[in-house]
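This briefing is for a reader who is new to the structure.

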Amino acid sequence: MDKIVIKGGQALHGEVQASGAKNAALPILASALLADGTSTYRNVPALADVATMLKVLRTMGCDAERDSEETDVCRVGVNGHITPEAPYDLVKTMRASVLVLGPLVARFGRARVSMPGGCAIGARPIDQHLKGLKALGADIHLTEGYVEATAKQLKGGTVNFDVITVTGTENVMMAAVLAKGRTLMENCAREPEVEELAKVLNKMGARIEGAGTSSITIEGVDGLKPVEHAILPDRIEAGTLLVAAAISGGDVLVKRVVPEHMDALVEKLREAGCTITTEGSGLRCKAPQRLDAVNITTTEHPGFPTDMQAQLMALMSVSQGTSVISENIFENRFMHVPELHRLGADITIQGPTAVVKGVKGLSGAPVMATDLRASASLILAGLRAEGRTDVSRVYHLDRGYERLERKLSALGADIRREKA
Ligand code: EPZ
């Protein structure tokens, strides 16, 4: 297993480009199942999770490939016979594989998809996904750890989500586009990635209104056509790069972002004492040597994103004062805390809240990544820590960051990957 080795203390300077959004690419790749023919996607990040989604699609009989290692272009051809199944051994490695459920039932009338099971950050059930499909007329059976969903023809209906769920909203939206009649979805997730998926589906011929708000209306259509689309920038990767500038007391321009997708994070970084300015389609973060502590409460978009909580905790661990961080989305998303302790952070967990007392400095040590955003948090802390920090199990990092160590090295960080 690879590890990332960092020698802390370098202030980062320069320009860096955000890659395409992982959490937009995954549902959009799955949506190719809704049309006959080949869809082409650009700005698709080279991530382990994207490779897994392409593999899930190939397992079903699609031609799903990246053009070549160097490009950001992926094509998904849905032509021949499709076996509408997603096996456990793939779904267990990436729970977002469950996003094929809605398209398969809508297009092929049948789906057999493994239940994703829990993951490190929480139980993460899919009851709302299933509630939505049932509301559209699907028969759902759970057998041997698999969801078996069938429907001769989905019918439009009303779906009131009990819980705001990003992939739940996306799954039901992809099912509803081919249902007969109108579907009304309430209490939907408002993330930019939901809006981006609706944009792609409408380009394919769907009739979706309201994506990005909590109420979405869909008029079912008879069929969709393949699409060409460039994926929007990854607001979480971009946010992580802004925090790298902040924690190192640097000055970095993160290019090719959508600033309005990052308001909650930018507001917190400014409150902590960073100077954040918009430059074209980029955001510049300039930070003093030490920032002020700020409080963080994660909520659904447009609130502060849970996917940035671990990164902000690393930043708060070396800020002036005490920061209270409340994690309201997942029940176990503090696994980076014991690892940050190893670097000298002063953090106390009280249920869903972490109290972070800023310390003057951290000192490098070997630490272990436990999940995707925890990996980023430990690398950020290593940028600041005195001496050497080794972050092991970086396969977690590779799920959601495209060559992060190269991007940070180009900004002046003393960071390298050591192959296992
Ligand atoms: C998406 O996960 C993202 N993944 C996650 O990003 C992100 O953290 C999360 O949304 C929240 O923003 C993708 O988009 C591929 P949820 P998702 O369904 O859709 C509960 C990353 O780091 N819930 O919005 O799986 C659930 O347990 C990843 O890039 C139910 O109870 O998250 C959680 O507490 C991590 N029943 C809350 O809702 C359901 O049927 C939000 O989960 C579905 C969800």
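What follows describes a predicted model, topic by topic.

Local features need pLDDT of at least 70 and side-chain atom pairs count only at pLDDT 80 or more, while totals for chains, interfaces and linings use all residues. Residues are numbered from 1 along each chain as its sequence is written, and side-chain values use heavy atoms, with hydrogens and water left out.

**The second largest pocket**

- The second largest pocket has a volume of about 480 Å³. A pocket is an open set of points on a 1 Å grid over the protein atoms alone, with protein on both sides within 12 Å along at least five of seven lines. Grid points are joined across faces, edges and corners, and a volume is the space filled by probe spheres set on the points.
- The lining of this pocket is made up of 19 residues, and A46, L47, A48, E69 and R403 lie nearest its centre. Lining residues have an atom within 4 Å of a grid point.
- By class, the lining has 12 charged residues, seven nonpolar and no polar. Asp, Glu, Lys and Arg count as charged; Ala, Val, Leu, Ile, Met, Phe, Trp, Tyr, Cys and Pro count as nonpolar; the others, Gly among them, count as polar.
- At least two lining residues come from each of α2 (48–60), β4 (63–66) and α14 (404–410). Helix α2 gives the largest share, five residues. Helices (H or I, at least four residues) and strands (E, at least two) are DSSP runs, numbered from the N terminus.
- The pocket lies between domain 1 (2–19 + 233–419) and domain 2 (22–228), because both give residues to its lining. The domain bounds come from an automatic or database domain assignment.

**Cavities**

- There are two cavities of 30 Å³ or more in the structure. A cavity is a set of grid points where a 1.4 Å probe fits but cannot get out.
- The largest cavity holds about 40 Å³ of space. Its lining consists of A21, N23, E193, D234, R235, I236 and R373, which divide into four charged, two nonpolar and one polar.
- The second largest cavity also holds about 40 Å³ of space. P233, D234, R235, A238, V257, V258, H261 and M262 form its lining, with five nonpolar, two charged and one polar among them.

**Buried residues and their contacts**

- G400 sits in the loop between α13 (395–398) and α14. G400 is buried, because its relative accessibility is 3%. Buried means under 20% relative accessible area, exposed over 50%, and partly exposed in between (1.4 Å probe, protein chains only).
- Apart from its neighbours within four places in sequence, G400 is in contact with K22, L47, L372 and R373. Contact means heavy atoms within 4.5 Å.
- G400 and D49 are 351 residues apart along the chain, yet 6.9 Å separates their C-alpha atoms.
- Helix α1 (residues 22–31) is mostly covered, with nine of its 10 residues buried. K22 and L26 are among the buried residues of α1.
- T52 belongs to helix α2 and is buried, with a relative accessible area of 15%. Neighbours within four places in sequence aside, T52 is in contact with L90, T93 and M94.

**Salt bridges**

- The structure has 30 salt bridges. A salt bridge is a side-chain nitrogen of Lys or Arg within 4 Å of a carboxyl oxygen of Asp or Glu.
- K3 and D390 form a salt bridge through their side chains (3.0 Å, N to O). The pair links distant parts of the chain, 387 residues apart, with K3 in strand β1 (residues 3–7) and D390 in strand β23 (residues 388–392). K3 is partly exposed at a relative accessible area of 26%, whereas D390 is buried at 11% relative accessibility.
- D390 also meets R388 in a salt bridge (2.7 Å, N to O). R388 is partly exposed, at 37% relative accessibility.
- E237 and K407 meet in a salt bridge (2.5 Å, N to O). This pair, too, links distant parts of the chain: E237 is in helix α8 (residues 235–247), K407 is in helix α14, and they are 170 residues apart. E237 is buried at 3% relative accessibility, and K407 is buried at 14%.
- A network of salt bridges links D2, D398, E405, R417 and K419.
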